[in-house]
Amino acid sequence: REIKADARLVEPSAGPFEGIAFGDLEHRVNSVLRDAYASYTDELEPVYPPDSEPLEQSVARACGFLAEIEAAPARHIAVSHGAFIRILLCVFLGSDPRLYRRLKIDNCHAALLKFYPELPHQLVGLNLAPI
C-alpha cells in the first residue's frame with residue numbers, strides 16, 4: 001500500500017509555548033508567559049498568541065480528514081500527535097472540540113474508529129497499547 005504524508009495531521013502550533021514543559025508553563029516560567037498560557041488553555045474563551053494555531057483551524061483540518069476517510073471505504077491508518085488526535089476524536093464523537101484536553105491518550109497508543117455506511121460511526125477502542 002502507498003504511504004502518503006498528509007499535512008492536515010500535523011500537531012497544532014502552540015506558538016510561544018513550543019518546547020516548554022507543561023509543568024514549567026503552569027508554575028515556573030515568568031508570570032507574563034504563565035498568564036498567557038493560562039489564557040491559551042482556557043476551554044471556554046481561549047486566547048491564541050501570535051504564531052499559534054487557533055482551535056478552529058485544527059477542527060477544520062480534522063473535519064476534512066475525517067470526511068475523506070469516510071468517503072473512501074477501506075482500512076486506513078493515520079499517525080499524528082496527541083493534541084491533534086484528541087481534537088480529531090472530539091470531532092468524530094460530536095463533542096465540543098474545546099474539551100479536547102480532557103481526553104487522555106498515551107504516547108504511541110491508538111484509537112480505533114469504525115465508519116459505517118450511515119451514522120452513527122463507532123469509537124471501537126481508545127488508548128490501545130502497541131502490540
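User: Which helix does Ser58 lie in?

Analyst: First, a caveat: this is a predicted model, where local features need pLDDT of at least 70 and side-chain atom pairs count only at pLDDT 80 or more, while totals for chains, interfaces and linings use all residues. Residues are numbered from 1 along each chain as its sequence is written, and side-chain values use heavy atoms, with hydrogens and water left out. Helices here are DSSP runs of H or I, at least four residues, numbered from the N terminus. Ser58 sits within residues 55-70, which is helix α3.

User: Is Ser58 buried or exposed?

Analyst: Buried means under 20% relative accessible area, exposed over 50%, partly exposed in between (1.4 Å probe, protein chains only). Ser58 has a relative accessible area of 1%, so Ser58 is buried.

User: Leaving aside neighbours within four places in sequence, what is Ser58 in contact with?

Analyst: Contact means heavy atoms within 4.5 Å. With those sequence neighbours set aside, the partners of Ser58 are Pro12, Glu53, Phe84 and Ile87.

User: What is the volume of the largest cavity?

Analyst: On a 1 Å grid over the protein atoms alone, a cavity is a set of points where a 1.4 Å probe fits but cannot get out. Points are joined across faces, edges and corners, and volume is the space filled by probe spheres set on them. A whole-structure search turns up one cavity of 30 Å³ or more. The largest cavity holds about 100 Å³.

User: Which residues that line the largest cavity are the closest to its centre?

Analyst: Lining residues have an atom within 4 Å of a point. There are 13 of them here, and the closest to the centre of the largest cavity are Tyr40, Tyr48, Leu55, Tyr100 and Arg101.

Note on methods: Helix = DSSP H or I, 4+ residues; strand = E, 2+ residues; numbered from the N terminus. 1 Å grid on protein atoms, 1.4 Å probe; cavity = no way out; pocket = protein on both sides within 12 Å on 5 of 7 lines; lining within 4 Å.
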